[in-house]
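Please read it alongside the sequence and the structure shown here.

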Amino acid sequence: MSKVIIRECKNYELETLIEKINGSVEMLGGWDKFVQPQDNVLLKVNLIGPKPSDSAAVTHSEFVRAMIRILKGRNCNVWIGDSSGGAIAGIAPTAQGFKVAGYERVAEEEGALIKNFDREGVVAVRPESQCEETMYIAKPMFDADVVINLPKLKTHSAQIFSGAVKNVFGCIPGLRKAKYHKMAPDPINFGQIICDIHKATKINLHIMDGILAMQGEGPTAGSLYQANKILISEDPLALDAVAAKMVGMDVEDVPILETAQKRKLGEGRLKSTILIGDYEQVPRLGNFKLPKCFRGAKKRNSKALVKVIDFFDTHPRINPSKCKKCNMCVESCPVQAIDKDTKLIDYDTCIECMCCHELCMFKAVELENSNKVAGLISGFFRK
Ligand code: SF4
Ligand code: SF4
């Protein structure tokens, strides 16, 4: 049976974080089980893009600081690594992300090293699902003695939920991520890629920053939710199953998690998971807003409604009054569906991966639920 620890934690006060995390790891057998002195320990953060820590889009920098303090206290060498999504002027904005999220400052102050996955080289692996012949994964994932995943509790406008399982997508460096979005626009197939990354790497521990969470149209354009939780597990799927339940979803509602369950990435059944820490039952986060695509997914699960739901769709649409013309969406779109000059989307080309929505730093890419009749009428005006 997998164990998931849930701790109540109301803020990012350093001593409190250290005490809660240390106490939780103790419940899993203690730090000695996971790290040894002189180990190179990689903290795989969630650095989706150049977003500040208080935006809830990235793992909070003080959470990362607490982890560095703990590990340095055990004489480990600590690395902070990730690769952001998207592109500006053909370059992934990871370096900028490390600055804006506050990781660069924290690394300097605490004596950790930044590992920008776009610049550290790759290791070629053969993916288990054979979605393609070779997959290239950031080298620090293999160079480190120990990898600790630090996901953020967030909803996701395309994948419904973003937690410990999905957080490995940043192990694919730079713009290659867009290739996978193009190759697997369907969330179930995308889940196969995510599972391939997990199966090719070894992540020893998963510690979720669920203190300031993101609800609604995450992973960057949602709103803040003070969830006050830290979740810890050796099993990423069990952790996500508990986190998803907290916000009102089941594993079957989230295609990536459903795929992870089928691929036996971990334990997705709550009845086979032991909860310890501050709760014996999964706590529910009241009035937590789920993404629009979640409602669609729920309806799709009903065969009787499948024909009706086929008529409905969620589209991205660029709001010209909010757009700053930075071109992040244009350069990140895996199928070049966004016109550089007009910022209009060609809906015949768009694969609805929602990368543009995910990556726009100005919340200018909005999602609209519309039926195809309305779409036909308004399509003329949108194009
Ligand atoms: S929609 Fe957002 S990402 Fe695209 S150009 Fe405008 S501001 Fe930039
Ligand atoms: S325009 Fe469509 S295909 Fe392009 S990034 Fe946005 S959602 Fe994805």
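## A buried strand residue

Ile80 has 0% relative accessibility and therefore counts as buried (under 20% relative accessible area, with a 1.4 Å probe and protein chains only). Ile80 belongs to strand S3, residues 77-82, strands being DSSP runs of E with at least two residues and helices runs of H or I with at least four, numbered from the N terminus.

Beyond its neighbours within four places in sequence, Ile80 is in contact (heavy atoms within 4.5 Å) with residues including Leu42, Val64, Phe98 and Ile114. Tyr103 is another of these contacts; Ile80 and Tyr103 are 23 residues apart in sequence, with their C-alpha atoms 7.8 Å apart.

## Basis of the model

This is a predicted model, in which local features need pLDDT of at least 70 and side-chain atom pairs count only at pLDDT 80 or more, whereas totals for chains, interfaces and linings use all residues. Residues are numbered from 1 along each chain as its sequence is written, chains are lettered from A and ligands numbered from 1 in the order in which they are written, and side-chain values use heavy atoms, leaving out hydrogens and water.

## Ligand surroundings

Around ligand 1 there are 13 residues (a heavy atom within 4 Å), the closest being Cys323, Lys324, Cys326, Cys329 and Cys360. Ligand 2 is likewise surrounded by 13 residues, of which the closest are Cys333, Cys350, Cys353, Met354 and Cys356.

How values were computed: Buried < 20%, exposed > 50% of the residue type's maximum accessible area, 1.4 Å probe, protein only.
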